[in-house]
Amino acid sequence: MSAVSSSELVHRYGGNLPRYTSYPTAASFSEAVGPAQAEEWLRALPAEKPVSLYFHVPFCDELCRFCGCNTSVMRHEDGRMAYGDLLREELRRVVALVGTQRPVQHLQFGGGTPSTLPAAALRHIIRSVRSMFQIQPQAELAMELDPRHVPEGYPALLGELGFTRISLGVQDLDERVQDACGRHQSFEQTEACISAVRNAGVSGVNIDLIYGLPYQTEDSIAETARKIASLRPDRLAVFGYAHVPWKQKRQRLIPEDSLPQPAERLAQRARMDAVLRAEGYSPVGLDHYALPQDALVKAADSGVLRRNFQGYTTDSSDVLLGMGASAISMLPDGYTQNITAVAPYARAMADNQCLPVARGVARTEDDRLRGRLIERLMCDMGVDLAQMEAQLDVFEPELAALQPLADDGLIVINGPHIRVTEKGRPFLRNVAAVFDTHRKSLSEPTAGATLQPRFSGAI
Ligand SMILES: C[S@@+](CC[C@H](N)C(=O)[O-])C[C@H]1O[C@@H](n2cnc3c(N)ncnc32)[C@H](O)[C@@H]1O
């Protein structure tokens, strides 16, 4: 094995890659899948099959410059109430196809900032969900919150409605970094938000941090990680900043020369990792950390961790029904995604009785096989190809393509068994990408097309 330097590793493996929260990935979605196909797939769901529910709320109280999500500010409460009505109407249409009283173990509100939904709208939605599904006694009900904008009474409302987990954006505590990101959030705001939800009986707390942001240094990032760890969230996500100004115009306000270079990003990631481990957190997959007694760590240890559009999860359901603008659904036959922007989503809902589906992709048998393999790799940091319900020789080209990664110490190949090393953890997506047969066709540019990466750098 060669002792390859970190800048060489970044050079070799720092290309643009998907996050593998699905396979095929969203880059393969096309308009070939629309409402009729989605309805057929939903009707075909086996009776009694448990489902998970996702509600997407694309509104925020203010927009952060670094944010890669599709968000807007909806000042008028009437507009946010009306959006809540659309979520319920879409749920009603979906239930008309899949039937009522299916068991639900996981329900999530993501965004944007879903607490922009007025309290009355959230109550209506939860009431509808409880009347149409069987929410299991130990179900996880989760919501993303912005600690700077927690509406008065919202923590108590979440407790009253049975929410069990919140997910908070923090990103970084350093003032210069916050200035450049246009997100000013004090440590005290985050602390107050956590206390308020914990006092309301919502015990699960996730925090999002980001490395690779403007002006971040290894030291500043270590300081943020230490302070945030003192709040003892049970889970943390540590994302690499995805700078995609060709797609997200607001990121153009971030000066390019303030961004850490790839080798520095790798060092920041390593420093964050060292601090969180020293604070008692266990790493989970590519970018998560959790307290050792947390269900995410237990799932990882016992080989049942899952990965879906929400990232790493203990959710074992193969079906995720997504409601709202841009929401993605995962079905046994394929993935579907709703119309992205709010106004056309609302128009489509008003104009006809169809589902507001804009695109998607059907899954072939080969996609399912590779999807399972990639999910195990991303969750278990390894995979046994002999257990993959396929003749081993199917993967001969991949085993050959993996050899350079083994030579660089990122993986160990032992017969059909591939294990990702700690050195390889930041490059987990590169290992998964070797098994992604859709990537090749996607990365071949059409003549005359402007070449822009679809994904952000892997580091
Ligand atoms: C959908 S956002 C919701 C955050 C929540 N509304 C808040 O303001 O606290 C979820 C997370 O995505 C991550 N995120 C957003 N833009 C990102 C980017 N460009 N690169 C990496 N992570 C990003 C952030 O960590 C963020 O907390």
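**Helix packing, ligand surroundings and local backbone features**

The axes of helix H8 (residues 218–229) and H9 come within 9 Å and cross at roughly 30 degrees. The model is predicted: local features need pLDDT of at least 70, side-chain atom pairs count only at pLDDT 80 or more, and totals for chains, interfaces and linings use all residues. Residues are numbered from 1 along each chain as its sequence is written, and side-chain values use heavy atoms, with hydrogens and water left out. Helices (H or I, at least four residues) and strands (E, at least two) are DSSP runs, numbered from the N terminus. Axes are lines fitted to C-alpha atoms, for helices over the stretch in contact, and angles run from 0 to 180 degrees between N-to-C directions.

H8 and H9 are therefore roughly parallel to each other. Angles under 35 degrees count as roughly parallel, over 145 as roughly antiparallel, 65 to 115 as roughly perpendicular and the rest as oblique. The crossing of H8 and H9 is right-handed; a crossing has this hand if the near helix is turned clockwise from the far one by less than a right angle, and is left-handed if anticlockwise. On the H8 side, the contact (heavy atoms within 4.5 Å) is made by Glu 218, Asp 219, Ile 221, Ala 222, Ala 225, Arg 226 and Ala 229. H9 contributes Glu 264, Ala 267, Gln 268, Arg 271, Met 272, Val 275 and Leu 276. Eight residues of the contact of H8 with H9 are nonpolar, one is polar and five are charged. Here Ala, Val, Leu, Ile, Met, Phe, Trp, Tyr, Cys and Pro count as nonpolar, Asp, Glu, Lys and Arg as charged, and the others, Gly among them, as polar.

H9 (residues 262–278) also packs against helix H1 (residues 6–13). Their axes come within 9 Å and cross at roughly 110 degrees. That makes H1 roughly perpendicular to H9. The crossing of H1 with H9 is right-handed. Ser 6, Ser 7 and Val 10 of H1 meet Pro 262, Ala 263 and Leu 266 of H9. The contact of H1 with H9 holds four nonpolar residues, two polar and no charged.

Helix H3 (residues 77–98) and H4 pack at about 10 degrees, with their axes 9 Å apart. H3 and H4 are therefore roughly parallel to each other. From H3, the contact takes in Met 81, Gly 84, Leu 87, Arg 88, Leu 91 and Val 95. From H4 come Ala 120, Ala 121, His 124, Ile 125, Ser 128, Val 129 and Met 132. The residues of the contact of H3 with H4 comprise nine nonpolar, three polar and one charged.

The ligand is surrounded by 21 residues, each with a heavy atom within 4 Å of it. The closest are Gly 111, Thr 113, Gln 171, Arg 183 and Asp 208. Backbone atoms also face the ligand. A polar backbone atom of Phe 66 is 2.9 Å from a nitrogen atom of the ligand. For Ala 242, a polar backbone atom likewise lies 2.9 Å from a ligand nitrogen atom. A backbone N or O atom of Leu 145 is 3.3 Å from an oxygen atom of the ligand.

Two cis peptide bonds can be described. One joins Tyr 23 and Pro 24, with omega about -5 degrees. Pro 24 lies in the loop between H1 and helix H2 (35–43). Another joins Gly 111 and Gly 112, with omega about 15 degrees. Gly 112 sits in the loop between strand E2 (102–111) and helix H4 (119–132). The loop between H1 and H2 also holds Tyr 20. Phi of Tyr 20 is near 50 degrees, a positive value in a residue other than glycine.

How values were computed. A polar contact is a pair of N or O atoms within 3.5 Å; within protein, one must be able to donate a hydrogen and the other to accept it, and residues adjacent in sequence count only if both atoms are side-chain atoms.
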